[in-house]
Amino acid sequence: MRVTNMVPDMQYDMQQSNQALNAALQQVSTGLRVNQPSDDPTASANMVTSLAASASVDQYTTNTSAVTSLMQSTDSAFSGIVTSLNSALTIGTAGASGTENSTNRQAQASQLQSILSDVIRQANTTYQGAYVFGGSASTTPPFVAASTDYTSAQGSAATPLSATTALTAGSITTISDATTGESMEFKAAAGDTIATLQAQIASAVTAGTLSAGTTATINAAGQLDISTNNSSDGIVVSSNDAALGAMSATAGTQVANAYAYVGNSTVNSVQVGDAMVAATNVPGDQVFTQGASVLGAFSGLINALQNGTSTDIGTATAAMSAALTHVSSVRVPLDNTLSQLTSQQTYLGQEKVTLTSQQNSLVGISLAEAATNLSQAELANNATLAAAAKAMPQTLLDYLK
Amino acid sequence: MASLSNSLSIAVQALNAADGAITATNNNIANANTPGYTRQVAILQEAAPTNEGNVSIGNGVMLEGYQSVRDELVQSQIQQETQAQSGANAQLASMNQIQPAFTSSTQDIGTQMSALFSSISGLSTDPTSSSARQAVLTAGQNLATAFNNVSNTLTTQQSSLNTQVSQDVSQINQLSQQIAALNPQIAQLKSTGQDGGTAEDQQDELVLKLSALTSVSVTQTDSGETLTTGNGTPLVVGNQSYALQTTNGSNGMTQVLDQNGTNVTATLTSGDLGGTVQMRDTTIPGLQGQLDTLANQFATKFNTIQANGTDQNGNAGQNFFTIPSTVAGSAGSIAMNITDPALVAASSDGSAGGNGNLAAFSAVQTTQLSSGMTPGDSYSDLVFQVGSLASNANAESTATTSSLLQLNDQLASVSGVSIDQESANLITYQQAYEAAARVVSTIQSLFSITMSMGTAAAE
């Protein structure tokens, strides 16, 4: 073919060579083979998925660490509770002895009251401001001293509440019973009145949720009065109903050694892996009021030491022993979770390495390969420039002198 | 009968022929680097011989004229390839502006989406934490901003392409006028059997520039070149050019109309205008539509889950994101609806410390949206499409550039000026000229001798 002008081809070749050199330089400087989606659309798309998986693994790792700390804090509380229960058991066993006199038993009852206070303190353990035994109601102490009588803020002699006083739809009134260890929650519907609440309380008493004799009446001051008729049956009442106002314990009605659980039974869960969810809390009712009730065991043993016979104390001590067994059994899943979290931490570490490796193979380039590519691109570029320098000045005119 | 005068006449004709050839060579050398120039050759023809009896004697050489050396087929292929190259280049330039928005970074949608899910997961470990709740709002805002930024990139690009359409149409009309103006001149030259020469070179160059702007079909007629766009819309017929017009369409985009007012925008497929229209009316709206759908479905899902949960004040969750009532424009205007950390509806049981609803938020990451894909997969698919479109445009641009280079080489092998060849020709014609001049000198000498023959005899 007749060649007239080599410049356009040389310029194209030099441009191509420079582009290749630039790409090789970029690979070396960034360590990446793919710097924009067009470099490798499939790898770029897969990288999006891989980076999302990587971010998830990072978060799972953080979650695992956070949950582990929370569970360790809970486990530490459990240790304290078990220690307290063992102390209580020792005192009960000593008190059940027929040789103990009344004075000693009163002293032992006092010791138990002190231990109970310690147990309540443990039961109200917080971790980063949240009560670990409160269920999802973790912003307020889950165990509250119970009273026999609560009255509403609203209502007065001049403007008394009545059975027909309308309640605010959606408002919640909760009565937690220290004796039964259960709670009644009343969520007002449209059209509900105090009479509806009263009927609900009566039903709860019938069902055994609330202690017998618990009633809601309008007192002489025109307030709603929720009370028990037994001095040893304590309750805790709360309400966010505007018609009632805040419910507060009447002074002097607190029941000794009676604590009601005002938390809930919700177990929060946290994802610590694509297919692994860890429970982050043990609701206090599961530990202290349900089954072999810890609080009931304390109340019973204190009462037996103060007023009962050796047989009563022995029975109450056996209940304390059962409570200890119960707490230990509730603690087992917690310890299992802690163990699983440790394994998960290791797994996530490996997963992170795998994903990083996958990302490197998707868009990365090894330094050796990048250096080799750069070397080849430099060589090719030099050759192109040398060829251009050699060929471009050559014309027939050079020889026609 | 042969004579000195006849010989002198032949020598003078030879001088003229060599001079003419040198002129052609000179013109070729002068235009060696002129774009669109077609090399010319001097047409030399042997003069009719003189017959004397049985003897036939030549009468030298005649300079018939000059001829441009053309290859219309290759020229036509170059025009077509130029259209394809310009179209690909327009799309490549546009995609190169768009794809950084889809490149993995700390600010891209995929990363921000992951950050939002991470913040939600982090909140689940401590649902009452104000800082963790604030982190969710911040991540939500960052994701909304990422959607806004990418949408804005697409809108801005579409807007600048729209401006380009008007500019291209203006240039097309200008070039059509210039081409039409050359048609009568070339037609007249050709009607007299002459070469189109410089005028034809200029017209070819103008058609090439026009090809870079839009798809052009060229037909040779007696009245010159007839030019139409790809769909047959006439641009040049004889000495008449037909201007394309522009008007604002219902979508706010510039539409291209032919001389009859018919909208021909959709038929523009190649050249810079074709590539620009393709990007403006098909590629970018396609990407924007997918982005809007993703933003809308993602936000709708979050709002639904938020409504199913309870915020820290014990109220049903308010909308997490604000989105328009239609899918269109969702990516551009998505924003956070809640700004108070307490309003994140983390709880499913109404308790302030509940985190049950956060699991529903987290599940969005692995749940198919109504598009049939998870949010991550939808975005991943979008990244693939952007990469693929940019890569294809790049491949098309590279391929057409390479092909165009070869075609230009092919054309240059016929029509291009070779300095070496012209130098050799120059020597050839120089020698021819010198030889003819020597003949004239010799004949002059012979004339002198002949004239002095009578004088010598008289002395």
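This is a short tour of a predicted model, chain by chain and then across the interface.

Local features need pLDDT of at least 70, side-chain atom pairs count only at pLDDT 80 or more, and totals for chains, interfaces and linings use all residues. Residues are numbered from 1 along each chain as its sequence is written, while chains are lettered from A and ligands numbered from 1 in the order in which they are written.

**Stop 1: chain A, residues 310-363.** Select helix α7 of chain A. Helices here are DSSP runs (H or I, at least four residues), numbered from the N terminus. α7(A) has 54 residues and spans 78 Å from first C-alpha to last, close to the expected 80 Å. That expectation is 1.5 Å times one less than the number of residues. Now pick A:Val332: a kink of about 25° sits there, shortly before the proline A:Pro333. The bend is the angle between axes fitted to the seven residues ending at a residue and the seven starting there.

**Stop 2: the domains of chain A.** Colour 7-57 + 350-399 as domain 1 and 143-262 as domain 2. These bounds come from an automatic or database domain assignment. The C-alpha centres of the two domains lie 76 Å apart.

**Stop 3: the domains of chain B.** Here domain 1 is 4-69 + 417-458 and domain 2 is 77-405. Their C-alpha centres are 65 Å apart. Eight residues of domain 1 of chain B are in contact with nine of domain 2 of chain B (contact: C-beta atoms, placed from the backbone, within 7 Å). The domain 1 side has three nonpolar, five polar and no charged residues. Ala, Val, Leu, Ile, Met, Phe, Trp, Tyr, Cys and Pro count as nonpolar, Asp, Glu, Lys and Arg as charged, and the others, Gly among them, as polar.

**Stop 4: a helix pair in chain B.** Show α6 (271-308) and α9 (375-415) of chain B; their axes come within 10 Å and cross at roughly 170°. Axes are lines fitted to C-alpha atoms over the stretch in contact, with angles from 0 to 180 degrees between N-to-C directions. α6(B) and α9(B) are therefore roughly antiparallel (over 145 degrees). Display side chains: B:Leu287, B:Leu291 and B:Phe298 are among those in α6(B) that meet α9(B) residues including B:Tyr379, B:Leu382 and B:Val386. The contact residues divide into nine nonpolar, four polar and no charged.

**Stop 5: between the chains.** Finally, select the interface: 49 residues of chain B are in contact with 46 of chain A. On the chain B side, α3 (109-125), α8 (356-363), α9 and α10 (419-458) each give two or more residues. α9(B) gives the most, with 17 residues. By class, the chain B side has 15 nonpolar, 29 polar and five charged residues.

Terms used: Angles under 35 degrees count as roughly parallel, over 145 as roughly antiparallel, 65 to 115 as roughly perpendicular and the rest as oblique. Two residues are in contact if their C-beta atoms, placed from the backbone, lie within 7 Å.
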